[in-house]
Amino acid sequence: MNIYKSTGEKVESWPQWVGRLSEENLHLKKENDKLKQQIKDLETESFELKKRSCDLFSEVIEAKASHAK
């Protein structure tokens, strides 16, 4: 992966290059943290939906059993 992205200037000095990449690194870290939180939220939602699905399945089985008698 090429992390060097040209700014359009002919030559970047070392401090400019380091500064730009440091800003990009900070931005990517923030984005990564945001995505990690989204993953946690989706995992929680998925767990709750699975639990609800199991509860509904149990209710259906119980209803079928009581109607079969």
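**View 1. W14 and W17 sit about one helical turn apart.** Three residues separate W14 and W17 in helix α1, which spans residues 14-68. Helices here are DSSP runs (H or I, at least four residues), and strands are E runs of at least two, numbered from the N terminus. The model is predicted: local features need pLDDT of at least 70, side-chain atom pairs pLDDT 80 or more, while totals for chains, interfaces and linings use all residues. Side-chain values use heavy atoms, without hydrogens and water, and residues are numbered from 1 along each chain as its sequence is written.

**View 2. The structure holds one aromatic pair.** The ring centres of W14 and W17 lie 5.1 Å apart, and their planes meet at 40°, so the pair is tilted. Pairing of Phe, Tyr and Trp (six-membered ring) needs centres within 6.5 Å; planes under 30 degrees apart are stacked, over 60 edge-to-face, the rest tilted.

**View 3. Exposure of the two tryptophans.** W14 is exposed, at 60% relative accessible area. W17 is partly exposed, at 25%. Buried means under 20%, exposed over 50%, partly exposed in between (1.4 Å probe, protein chains only).

**View 4. The whole protein.** Of its 69 residues, 4% are buried.
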